[in-house]
Amino acid sequence: MKAKWIILCIAVILIGFFITLTVKQLSTPHELNTNELELKIKDIYNAEVQTLVKEKDHFVASFNKDGSIFEVNVNAVTGQFSDLKLIYKNENKQSEEQVNSETSKENQAAANKPAENATKPLLSKEQAVDIALKEVPGEVDSVEFVKNAEGGIYFVEIDQEDDVTVQVHAITGEIIVIKYDD
């Protein structure tokens, strides 16, 4: 009788161990591979990937869009994009055919030239406040800039009867959301 209990306990422990391993394996997120990431960049940015480097927990990808070179970090597990940077800005806005006809030597030189103000938003804090106040009049409480893959967002908090937060796109100047807090 004692032997049956020991065998039963060992069986329960083993079954529990295998269930734990299975659940852990199923809940472990799938890491992106380079092919999936290239497709994702082509989908989102409609651009050709130039380089793709795997670092600790993320990829660093550079891509060519309309002759300009961009770099973006991508989380290897979640696929979330962050830190989009303009590396080289094509001032001429040449067509893709003209860019492809240039020699590779010229392309390499252009890719190595750093862009000025690549990580700064195009709108100043004051411009974002002006845009927000045109839509929602009141007294500005605070302004916060949050950088994201699309360039960034200004959060302009305005005092009215209720507190209002106006989100202004840092590049286009579009109002993304107006949130009224009770």
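Y45, F63, F70 and F81 form one aromatic cluster in this predicted model. Aromatic rings are paired here if the centres of Phe, Tyr or Trp rings (for Trp, the six-membered ring) lie within 6.5 Å, with planes under 30 degrees apart counted as stacked, over 60 as edge-to-face and the rest as tilted. By this rule there are five aromatic pairs. The rings of F63 and F70 are stacked, because their centres are 5.5 Å apart and their planes meet at 20°. F63 has a relative accessibility of 1% and so counts as buried; the term buried stands for under 20% relative accessible area, exposed for over 50%, and partly exposed for what lies in between (1.4 Å probe, protein chains only).

Another pair brings together F145 and Y154, whose ring centres are 5.1 Å apart with planes at 55°, so this pair is tilted.

The chain has five helices and eight strands, taken as DSSP runs (H or I of at least four residues for helices, E of at least two for strands) and numbered from the N terminus. Their order from the N terminus is α-α-β-β-β-β-α-α-α-β-β-β-β. Of the 182 residues, 25% count as buried.

In soluble globular proteins, nonpolar side chains tend to be buried together. A nonpolar core is defined as a set of buried Ala, Val, Leu, Ile, Met, Phe, Trp, Tyr and Cys residues joined through side-chain atoms within 4.5 Å. The largest such core has 14 residues, and I41, Y45, V72, V74 and F81 have the most contacts inside it. At least two residues of this core come from each of helix 2 (34-45), strand 2 (58-65) and strand 3 (68-75). A second, separate core has twelve residues, including A128, A132, Y154 and I158. Leaving aside residues up to four places away in sequence, F81 touches K40, I41, I44, Y45, V72, N73, V74 and A149, where contact means heavy atoms within 4.5 Å.

Strand 6 (residues 153-159) runs antiparallel to strand 5 (residues 139-146), joined by seven bridges; strands count as paired if DSSP finds at least two bridges between them. S142 stands opposite E157 of strand 6. Six residues lie between the strands of this hairpin, where G151 takes a positive phi near 115°. Seven bridges also join strand 6 to strand 7 (residues 163-169), again antiparallel, and this hairpin has three residues between its strands. Here E157 stands opposite T165. T165 is buried, because its relative accessibility is 13%. Beyond its neighbours up to four places away in sequence, T165 touches F155, V156, E157, V177, I178, K179 and D181.

Residues are numbered from 1 along each chain as its sequence is written. In this predicted model, local features need pLDDT of at least 70 and side-chain atom pairs count only at pLDDT 80 or more, while totals for chains, interfaces and linings use all residues; side-chain values use heavy atoms, without hydrogens and water.
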